[in-house]
Amino acid sequence: MKRKKLKDFLIFAMFVFPAVAFVLFATDIPFFMNLYYSFFNWNGVSRDMAFVGFDNFIKIFSNDGLFWKSVQFTLKYAVFYVVIVNAIAFVIALVLSKEKKSSSVVRAFYYVPYIISLTAIGLIWKFILGPGFGALYDMTGWEFFDWSWLGTGKLAFIVVVVMTVWQNVGFYMVNYIAGIVTIPKELLEAAQIDGATRFQTVWKITVPLIMPSISICMLTALTFAFKLFDVIMVFTKGGPANATMSVAYNIYQEAFVNGKYGLATAKSLVFVAFVLVVTVIQLRVTKGKEVEA
Amino acid sequence: MKRKVVAVLMCVTMVGMMLAGCGSSSGSTGEDAKSDSGNESKEEVVLKVFDAHAYGLEQYEEMVQQFEEEHSGVKIEVQHAPNDYDTLLQARVNSGDIPDVFDVEAGTKAQSYYEYAYNWTDDKENTDSFHEDALAGGTDAEGKIMSLPWTYENMGIIYNKDLFAEAGITELPQTMDELEAACEKLDAAGITAFALAGKENWVLSQLVTHFMMDKSLDAKGVVDKIGSGELTFDNMPNFKNVFRFLDLAVKYGPAKPLEVDWEISENMLANNEAAMIHMGDWCQSTLDSFNPDANLGFLPCPVSDKKEDTTLLSSCNWTYIVNKDSENLELAKEYCEFILTSDMGQYWMCDGVGAVPAVKSDKEVQGKLANDAKNYVAEGKTNGWIHTIAPTGYGDAVGPMIQGYISGDLTAEEVTAQMQAFWES
């Protein structure tokens with residue numbers, strides 16, 4: 001009996017330990033170093049660091065308008081992004097999960113933006129919003145095309161949402177399709193025979209049965225939204241007038257542009273705590289709704 | 001049983017490999033530290049160089065080759081980092097991989113690296129070969145020379161001579177009123193007067209410094225006085241004119257001012273689509289690539305009603321630091337001197353980059369703008385840079401404020417108050 005336990009443990013360790021070690025070196029240890037730095041006043045270069053206790057945290061909560069503005073932006077963005085990307089991906093997945101010859105080709109189309117490099121995507125959208133919209137305005141005369149999309153705070157927000165949804169929708173779509181194809185056909189047929197409408201079948205059968213997919217997609221979308229950085233870095237640089245300043249970009253700027261490494265690490269910790277709470281709540285809510293067929 | 005043994009073995013090897021990976025890297029740094037006298041050993045010596053820009057790369061390559069030929073057994077390992085140099089350099093310094101020779105922007109930025117820098121103060125022979133004002137940019141609080149200057153960089157308004165002629169402007173505008181008149185003339189001739197890069201925080205924040213300048217104090221005096229509270233953005237004589245300037249730039253500029261990035265800005269100027277931009281002579285090679293025949297020149301920025309107030313801001317922005325703890329300190333010093341003062345180095349700066357070297361030199365400079373600026377420098381019409389000695393984060397704090405003004409979200413008074421608040425924080 002004892003031997004079996006030991007054996008189980010060893011097999012367990014064999015699979016888990018290497019991964020744990022990597023996570024430890026790449027994430028956990030830096031995290032604790034972060035914690036350490038957050039109590040210091042350090043410019044990120046010097047050998048000397050001055051211990052300042054909780055000063056950095058006090059500064060964040062008392063006198064950092066830009067950080068809270070970026071929190072506001074990130075929250076607003078997260079709501080829009082999570083809802084829109086999941087809704088669209090789900091609808092597309094419903095349509096494309098039908099076995100048709102064309103559907104695999106169309107799936108590929110939706111997935112392509114997800115694998116293009118971000119720099120190329122930046123260029124594509126620069127073109128769409130610049131010469132692309134310009135030409136459309138000349139053709140149609142619609143005011144809509146002549147707006148300064150990247151030069152106005154509110155419009156730039158919309159651009160960031162649309163662009164990231166467009167880029168990532170394929171990923172969520174694949175997840176949803178994977179969930180939908182596992183639903184037993186009998187259930188859907190039974191519902192049809194009972195006279196359920198198309199909408200009723202989706203709402204009462206498909207949605208409850210793919211709840212695991214939904215909770216995973218929600219979680220990835222939420223963490224993506226909270227970590228929003230690369231698109232901002234490549235595309236808007238937080239502008240115009242800080243209208244698209246995400247928390248991650250603000251932290252980056254604080255650390256590497258303003259040279260306040262300690263303050264930046266403190267900010268990142270505040271945000272980690274916040275994200276942790278939100279994701280735990282989100283997981284609880286969606287997990288509670290999972291059912292079995 | 002057999003399986004268990006295999007499992008244990010695999011575990012051990014995996015862990016072992018990981019530890020070995022960490023161990024070997026730390027071991028090698030230990031060895032490096034020991035082999036101090038790299039010069040005498042027969043083995044190849046590698047000099048690590050970090051170059052924070054990528055100007056005149058071909059000439060740089062030739063320069064490296066010559067140095068390697070003159071010093072057998074020496075290998076120069078250059079990292080050019082035109083984007084995000086600061087982040088990269090910081091990462092290297094923090095991980096203990098400090099380059100032997102590296103350059104940073106003079107001023108506040110450079111000062112944070114001075115604790116790693118070799119002190120040149122006693123190397124009279126070398127430092128005497130530089131222009132005195134250029135050397136001053138590389139000194140610490142006590143006046144010790146901690147870094148060596150590269151080239152002069154000048155910024156102001158760059159204008160298109162052909163378009164000015166086309167609009168019938170014969171005399172360059174020197175006051176705000178004359179600038180407005182020039183804009184009207186250009187407009188009447190159907191020419192876009194301005195292509196200010198409103199998207200770029202750095203361009204906007206640099207533009208603002210013209211209106212902060214006080215000729216009697218120069219850059220350092222102005223920054224000191226703002227710091228001590230003697231000078232505020234409210235009582236600066238010319239500061240309110242920045243808003244008049246911006247109004248002109250928006251009125252006589254492209255329809256979407258905040259979407260104009262530096263590339264569009266420079267492109268429009270070089271291809272005769274806009275008459276003026278705010279930029280420095282560092283963009284010479286980009287302008288040449290857009291249109292080598294563009295007829296461009298510097299226009300000192302009008303900031304008030306007085307002709308003598310116009311400013312062209314000039315500074316040796318990039319400054320080279322030699323790591324004082326370098327294993328090959330002598331070689332690193334030699335390389336730094338080589339690229340900044342030798343004939344080959346001057347060839348790189350004058351021909352490759354097209355800029356005026358900080359070292360005293362008779363060589364002809366290729367860049368048209370740099371030559372243009374030379375005249376103003378000779379007439380004593382230039383001042384130093386404010387934005388590099390301002391509090392850190394100046395560009396990314398001020399740029400968005402100006403964008404706010406351009407988009408109409410902030411009033412002139414609000415921007416003025418925010419500028420003051422930024423400085424005081």
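## Strands around β7 of chain B

Strand β6 (residues 192-194) of chain B runs parallel to β7(B), and two bridges join them. Strands here are DSSP runs of E with at least two residues, helices are runs of H or I with at least four residues, and both are numbered from the N terminus. Two strands count as paired if DSSP finds at least two bridges between them. F194(B) has M276(B) as its bridge partner in β7(B). A further strand, β5 (residues 151-160) of chain B, is joined to β7(B) by five bridges, and this pair runs antiparallel. Within β7(B), M279(B) stands opposite G156(B).

Strand β7 (residues 274-280) of chain B has seven of its seven residues buried, so it is largely enclosed by the rest of the structure. A residue is called buried if 20 or more other C-beta atoms lie within 10 Å of its own, exposed if 12 or fewer do, and partly exposed in between, with C-beta atoms placed from the backbone.

## Source of the model

This is a predicted model, in which local features need pLDDT of at least 70 and side-chain atom pairs count only at pLDDT 80 or more, while totals for chains, interfaces and linings use all residues. Residues are numbered from 1 along each chain as its sequence is written, and chains are lettered from A and ligands numbered from 1 in the order in which they are written.

## An open sheet in chain B

Chain B also has an open sheet of five strands, in the order β2-β1-β3-β10-β4, with mixed pairing. The edges are held by β2 (74-80) and β4 (148-149) of chain B, each with a single partner strand, so one side of each has no neighbour in the sheet.

Strands β3 (residues 101-105) and β10 (residues 318-322) of chain B run antiparallel and are joined by five bridges. V101(B) has V322(B) as its bridge partner in β10(B).

## Chain A

Chain A contains twelve helices and two strands. Along the sequence their pattern is α-β-β-α-α-α-α-α-α-α-α-α-α-α. Taken along the principal axes, the C-alpha atoms of chain A fill a box of roughly 80 × 75 × 30 Å. Of the 293 residues in chain A, 30% are buried. Among contacts in chain A with a separation of 6 or more, 73% are between residues 24 or more positions apart. Two residues are in contact if their C-beta atoms, placed from the backbone, lie within 7 Å.

Helix α3 (residues 65-96) and helix α6 (residues 153-180) of chain A pack at an angle of about 45 degrees, and their axes are 7 Å apart. The contact of α3(A) with α6(A) has 21 nonpolar, three polar and no charged residues. Nonpolar means Ala, Val, Leu, Ile, Met, Phe, Trp, Tyr, Cys and Pro; charged means Asp, Glu, Lys and Arg; the others, Gly among them, are polar.

## Where the chains meet

The contact between the chains takes 26 residues from chain A and 27 residues from chain B. On the side of chain B that touches chain A, α1 (2-34), α3 (85-94) and α17 (394-407) of chain B each supply at least two residues. The largest share, seven residues, comes from α1(B). That side of chain B divides into eleven nonpolar, eight polar and eight charged residues.

D396(B) lies in helix α17 of chain B. D396(B) is buried, with 21 other C-beta atoms within 10 Å. Not counting residues up to four places away in sequence, D396(B) touches Q253(A), V257(A) and N201(B). The C-alpha atoms of D396(B) and L204(B) are separated by 9.7 Å, although these residues are 192 residues apart along the chain.

Methods:
Axes fitted to C-alpha atoms, helices over the stretch in contact; angles between N-to-C directions.
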